[in-house]
Amino acid sequence: MNAHAPALAKARPFDEQDSAFAGDVIGDLSQHPKRLSPKYFYDATGSELFEQITLLPEYYPTRTELSILRDRGRVISAILPRGAALVEFGAGATTKVRLLLDECAFAAYVPVDISGDFLKAQADALRRDFPGLDVYPVAADFTAPFALPDAVNAMPKVGFFPGSTLGNFEPHEACGFLRSARDILGQGAQMVIGVDLEKDERVLYDAYNDKAGVTARFNLNVLHRINRELGGNFDLGAFTHRAIYNRDRHRIEMHLISRKAQTVRVLGRSFSFRAGESIHTENSYKYSLERFVALARGSGWTPRESWTDKAGMFSVHALVASD
């Protein structure tokens, strides 16, 4: 699950000419098998539900990554350049970045996310709490090329991509993102990135099928968003959440399963479902340390250090841009 989606995303009046959401939904539901992009989980309700997920006893990634950043903060600080600009790709809640800002002597912080309102609120809070830090929010899709503020051009650059969001990309997309980040940050840049690790399948299953049903509500909420913003008529009670571990592809898959044969309308289009048919909503790839190192090297980065928790559940990596 993407911990960096805009937490204050807001619904807006539908305009078919410029709605990427509409185009993606129509296109994805027309595919065989049907799918929906996980980036549309994160309206205001979805973001609130995700924050609840991070606190669930079954959901280990957030608390485990936080523990690594707390325990290794001084070590991480020692290998990063002083006076650098910290560029966070997909800036979400500031809990993790504050741990780095407390330990490291950054001159500037550049949070990047598609939600401008959310970025402004977070930037204002950080300016109050870190008065010596220059904060330059950038409203942009962090998965595509964007320009850094002129004010940080002369500074060393450190990218920050926590939260295991890399796992939501297909491997070729993850490689593309890392290459893009390297180009944006420039020669000699460094990157601190969180990566979820392979582990016991029961632990993975429980993390995405929590007993309280929060993840199920999070998954189903995308249908509610389609109804609200695109005039859909999905019956949420006619779909059920399913998360499974695909061992061959090293990934958790999230699906919404149709409980019956039915037809749903969105923007005047009809979509038929068989009983048991799936809408594939998200993948979350789990890496071994060796497979992530190979991915990083193949994407223009040289691994410098890696840290895990004692149980080997999660990892944080320091990378340096290859020459």
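Predicted model: local features only at pLDDT ≥ 70, side-chain atom pairs only at ≥ 80, totals over all residues.
**Entry 1: a sheet of four strands**

I began with the sheet that contains S8. Four strands form this open sheet, and their order is S1-S12-S9-S8. I noted the pairing as mixed. As a reminder to myself, strands of a sheet pair through backbone hydrogen bonds, either parallel or antiparallel.

Which strands stand at the edges? They are S1 (34-35) and S8 (239-246). Each has a single partner strand, so one side of each is left without a neighbour in the sheet.

I then looked at how S8 is joined to S9, which covers residues 251-258. Eight bridges join the two, and they run antiparallel.

H7 (residues 201-208) lies across S8, S9 and S12 (278-285). Its direction makes an angle of about 155° with S8.

Next I turned to S14, residues 314-321. How many of its eight residues are buried? Seven are, so S14 is largely enclosed by the rest of the structure.

S7 (residues 190-196) is joined to S14 by seven bridges and runs antiparallel to it. In this pairing Ile193 stands opposite His317. S13 (residues 301-308) is also joined to S14 by seven bridges, again antiparallel. Here Trp307 is opposite Val316.

S13 and S14 form a hairpin with five residues between the strands. In that hairpin I noted Gly312, which takes a positive phi near 70°.

I looked at S10 (residues 262-266) for its two faces. Which residues are on the covered face, and which on the uncovered one? Gln262, Val264 and Val266 make up the covered face, while Thr263 and Arg265 make up the uncovered one. I set a general point beside this: in a regular strand the side chains alternate between the two faces of the sheet.

S10 is joined to S11 (residues 269-273) by five bridges, and the two run antiparallel. Val266 of the covered face stands opposite Arg269 in S11. Two residues lie between the strands of this hairpin, and Leu267 takes a positive phi near 50° there.

For helices I kept one general point in mind: two packed helices are described by the angle between their axes and the distance between the axes.

H3 covers residues 61-79 and H4 covers residues 95-103. Their axes come within 9 Å and cross at roughly 15°. An angle under 35 degrees counts as roughly parallel, and H3 and H4 are therefore roughly parallel to each other. The crossing is right-handed.

I listed some of the residues that meet. On the H3 side they include Thr62, Leu66, Leu69 and Ile76, and on the H4 side Lys96, Leu99 and Leu100 are among them. The residues of this contact divide into five nonpolar, four polar and five charged.

I followed up Thr62, which is found in H3. Is Thr62 buried or exposed? Its relative accessibility is 15%, so Thr62 counts as buried. Apart from neighbours within four places in sequence, Thr62 is in contact with Thr54 and Lys96.

**Entry 2: Phe106**

Phe106 lies in the loop between H4 and S3 (108-113). With 9% relative accessibility, Phe106 counts as buried.

What is Phe106 in contact with, leaving aside its neighbours within four places in sequence? The residues are Leu80, Ala84, Leu86, Leu100, Leu101, Leu133 and Val158. I also looked up a distance: the C-alpha atoms of Phe106 and Leu166 are separated by 24 Å, and the two residues are 60 residues apart along the chain.

**Entry 3: helices H2 and H8**

My last pair was H2 (residues 44-53) and H8 (residues 214-230). Their axes come within 9 Å and cross at roughly 160°. Angles over 145 degrees count as roughly antiparallel, which makes H2 roughly antiparallel to H8. This crossing is left-handed.

In H2, the residues that meet H8 are Thr45, Gly46, Leu49, Phe50, Gln52 and Ile53. In H8, they are Val214, Thr215, Arg217, Phe218 and Asn221. I noted how the residues of the contact divide: five nonpolar, five polar and one charged.

Key:
Residues numbered from 1 in each chain as written. Heavy atoms only, no water. Pairing = 2+ DSSP bridges. Contact = heavy atoms within 4.5 Å. Axes fitted to C-alpha atoms, helices over the stretch in contact; angles between N-to-C directions. Buried < 20%, exposed > 50% of the residue type's maximum accessible area, 1.4 Å probe, protein only. Parallel < 35°, antiparallel > 145°, perpendicular 65-115°, else oblique. Left-handed = near helix turned anticlockwise from the far one by under 90°. Nonpolar A, V, L, I, M, F, W, Y, C, P; charged D, E, K, R; others polar.
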